[in-house]
Amino acid sequence: MRISLGNGSRRRPDGSGAARPAGGGGRAAALTVTGLSAGYNDTPTIIDVDLHVGVGEIVTVLGPNGAGKSTLLKAVLGHLRPMSGTVRLGDRELGGLRSDQVCRLSVGYVPQVNDTFPRLTVLENIEMGGYTLPRSKVKARMAEVMDLYPQLGKLAARQGGHLSGGERKMVAIARALMINPTLLVLDEPTAGLAPKPADELLSKHIAALTTTGVSLLMVEQRAREAMSISHRAYVMAAGRVVLTGQASDLLERPDLGDVFLGRTEGENK
């Protein structure tokens, strides 16, 4: 059974500003997933998943290992063909499209691993993200991306293989931003990072993406840290969404740890 929390309004991740309506607040949806089932060898790994990312929102998907989070992302990105249900980017149906076709519709993706080219410099890595752009626009877009992450300027000539984990992830995000995506998908961006760079990546570099207007769908294991910068969150267990609501409301749940681990009420007694 899915539990929904929230009173129909939300605030920006930093807590400032007037409350805004939930679920995109009447703004055009960046991503709408409806009744999505997908999996492998005719066996569904995720079942009847509904998910919504409003324009400019940060939405985080949480859950234990094996919950189906990665399968969900693969179905959204075109790496897996949906068995049933729909995936829509704005008004465009994505189901059945290849991953390269999804990318050309302005969907950026940062994978959990293998996120940079180790023998290319930071600038070359970022430039690679603009391969779908007209060459005349690549340099201007690189300048815009570098303005968002000015610290990368000091690392411009360093090869990807000589960067720290946090630096590599920043470069990977910058590369994904080159296409000026409508939707940016991040798969466990803090995986393998020590606590300090992980917190900095979430609270500073990923949170800064709200200034660009991009909509962000993120799978992340650092539940509380991720929800602290998110507008809304979905918790998955055993292939289904079991809890959804405003991130601030979910953070206040005393049983969040049990829900996150997929435990039922009976198992907790």
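In strand S11, the bridge partner of Leu-186 is Met-218. The two residues belong to a parallel pairing of strand S10 (residues 183-187) with S11, which extends over five bridges; strands are taken to pair if DSSP finds at least two bridges between them. Strands (E, at least two residues) and helices (H or I, at least four) are DSSP runs, numbered from the N terminus. The structure is a predicted model, in which local features need pLDDT of at least 70 and side-chain atom pairs count only at pLDDT 80 or more, while totals for chains, interfaces and linings use all residues. Residues are numbered from 1 along each chain as its sequence is written, and side-chain values use heavy atoms, with hydrogens and water left out.

Met-218 of S11 is also the bridge partner of Thr-60. This bridge accompanies the parallel pairing of strand S6 (residues 58-62) with S11, over four bridges. S10, helix H6 (residues 195-206) and S11 form a right-handed β-α-β unit; right-handed denotes that, with the strands pointing away from the viewer, the path from the first strand over the helix to the second runs clockwise. Five of the five residues of S11 (residues 215-219) are buried, so the strand is largely enclosed by the rest of the structure. Buried denotes under 20% relative accessible area, exposed over 50%, and partly exposed the range in between (1.4 Å probe, protein chains only). In a regular strand, side chains alternate between the two faces of the sheet. On one side of S11, Ser-215, Leu-217 and Val-219 are buried, and on the other Leu-216 and Met-218 are buried, so that both faces are covered.

A separate description applies to an open sheet of four strands, with the order S5-S4-S7-S8 and antiparallel pairing. Its edge strands are S5 (43-54) and S8 (92-93), each of which pairs on one side only. Strand S4 (residues 29-40) is joined to strand S7 (residues 84-89) by five bridges in the antiparallel sense. Within S7, Thr-86 is the bridge partner of Thr-34, and Leu-89 is that of Leu-31. S7 and S8 pair over two bridges, also in the antiparallel sense, and Arg-88 stands opposite Glu-93 in S8. The hairpin formed by S7 and S8 has two residues between the strands, and Gly-90 in the turn has a positive phi of about 65°. Helix H1 (residues 69-77) lies across S4, S5 and S7 and runs at about 115° to S4. Axes are lines fitted to C-alpha atoms, for helices over the stretch in contact, with angles from 0 to 180 degrees between N-to-C directions; contact means heavy atoms within 4.5 Å.

Helix H5 (residues 165-177) has 13 residues, which should span 18 Å at 1.5 Å a residue; its end C-alpha atoms are 19 Å apart, in agreement. The expected span is 1.5 Å times one less than the number of residues. H5 is mostly covered, with ten of its 13 residues buried, among them Gly-166, Lys-169 and Leu-177. The cover over these buried residues includes strand S9 (107-110), helix H3 (122-128), helix H4 (135-148), S10 and H6.

Most residues other than glycine have a negative phi. Ser-106, which is not a glycine, has a positive phi of about 75°. Ser-106 lies in the loop between helix H2 (99-104) and S9 and is buried, with a relative accessible area of 15%. Asn-114 likewise has a positive phi, near 50°. Asn-114 is placed in the loop between S9 and H3 and is exposed, with a relative accessible area of 74%.
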